[in-house]
Structure formats: C-alpha cells, structure tokens
Amino acid sequence: MLNIILFGPPGAGKGTQSKFIKEKYSLAYFSTGDLLREEMAQGTELGKKVKSLIDGGNLVSDEIVVEMIRQRVKANLSGNGFLFDGFPRTVRQAEMLDEMFDEFGLKISGVLSLEVSQDVLVERMIERGKTSGRADDNIDTIRHRFEEYDAKTKPLLGFYEKKNLLNNIQGEGKIEDIFEGICKIISKLQK
Ligand code: AMP
C-alpha cells in the first residue's frame, strides 16, 4: 500500500497536485477541506458547527477531522492506499493518525512537503479567490490562515522529519514539473 500525506501551506498547490497523484497511483483521496466544505454545502449538523470557524480561517477541532478520516480509511482498507491533502494539520492530529494506522495495520509511506514562498502563496490565493467562491479566500482571512499554519501546522515538519518521513518538493514553477518531482520521490518510496 502507498500511503501519502501531501503537506504544505494554504495555496501550495496540494489540491492541484492531488488530482494527478490519485489518478496515477489509484489512491483513495481525502481532502479534509473539501469534506468540510461538502458538509457546509449540504447544511448538515457538522457543517453548521464548523462554518464560522472555517469562514474565519481557523482550524476546526482535531476530533472532528480525525473522525471524518477514520470512517473513510476504514471503508477503503482494500484499496491501493491513501492520499491525504490538508490532513494532518496539527501534531495532535498526526499522533491520532499514527494510532489509527497502528490499529488498521497501516504505515505512512512518506510525507511530501510542497515548498512555496510566501509571496507566491498570497498571489495564488488572491487569484483563486476571484473564482473559488470560498468565503475564506480574502486577504484578511488568508493572513489568519497563514498564522494558523505557522502556529499549529508547521511544527509537523519537525515531527515527520524525526520519523524520517519528510520529503521536500519544489512547489513553484510549472504544474507538470512539480508533478514530475513528486513522482520521483514516490518511486523511491515504493522501493
Ligand atoms: P483547505 O481546503 O485545506 O484550505 O481547508 C479549508 C479550511 O478547512 C481550513 O482553513 C480549516 O478551517 C478547515 N480544515 C481543513 N482541514 C483541516 C484539518 N486537518 N484540521 C483542522 N481544520 C481543517
């Protein structure tokens, strides 16, 4: 099984690259951001509960996202593997993912970290905001999402580096070139 965590700050291109990765390697793909937006669009209890947090650029609780992932991992254990985008986003989530994977007998193959400079990130997100319809793609909320990233998500880099799972990838440039960099790393992980 190939179990990949695609890591990076908001606007790093995780969603874009995920589409290529999941196709090429036939992985079960889960973006916690997409899953949460679906809940909001459907107006479920969970969607209502998380809406103000997401619209304000705050992370939702670890328990909520881990439970969403757990249900989907359980339902896809017979596949080729998993691709997570935007999860885990805190050290606590990463610890809970480790416990969950232990329970299911799974291993993380690698963490792919897309590296993009702050200027490019902001530019990309403002551009996306023109068409995404996302309430959190405006400059003030984008700023707050970066603060959340720096405070709560960035420490995961050290967490995974210690476990020898971290792989850095140049996340600027042409989409095809970035994907090529990703594929090179994945081929090493498969050995
Ligand atoms: P994204 O689409 O990955 O940018 O996520 C959009 C928003 O969903 C984030 O700003 C958070 O409010 C929420 N979210 C997505 N994934 C997570 C996660 N793993 N933990 C906490 N909040 C999350």
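Residues are numbered from 1 along each chain as its sequence is written. In this predicted model, local features need pLDDT of at least 70 and side-chain atom pairs pLDDT 80 or more, while totals for chains, interfaces and linings use all residues, and side-chain values use heavy atoms, without hydrogens and water.

Reader: At what angle do helix α2 and helix α3 pack?
Author: Helices are DSSP runs of H or I with at least four residues, and strands are runs of E with at least two, numbered from the N terminus. Helix α2 covers residues 32-42 and helix α3 residues 45-55, with axes 8 Å apart. Axes are lines fitted to C-alpha atoms over the stretch in contact, and angles run from 0 to 180 degrees between N-to-C directions. The packing angle is about 115 degrees.

Reader: Which residues in α3 are met by Leu36, Glu39 and Met40?
Author: Contact means heavy atoms within 4.5 Å. Leu36, Glu39 and Met40 belong to α2, and their partners in α3 are Leu46, Gly47, Val50, Lys51 and Ile54.

Reader: How many residues apart are Phe30 and Phe82?
Author: Rings of Phe, Tyr and Trp (its six-membered ring) pair if their centres lie within 6.5 Å; planes under 30 degrees apart count as stacked, over 60 as edge-to-face and the rest as tilted. Phe30 and Phe82 form a tilted pair, with 35 degrees between the planes. Phe30 lies in strand β2 and Phe82 in strand β3, so the pair ties together parts separated in sequence by 52 residues.
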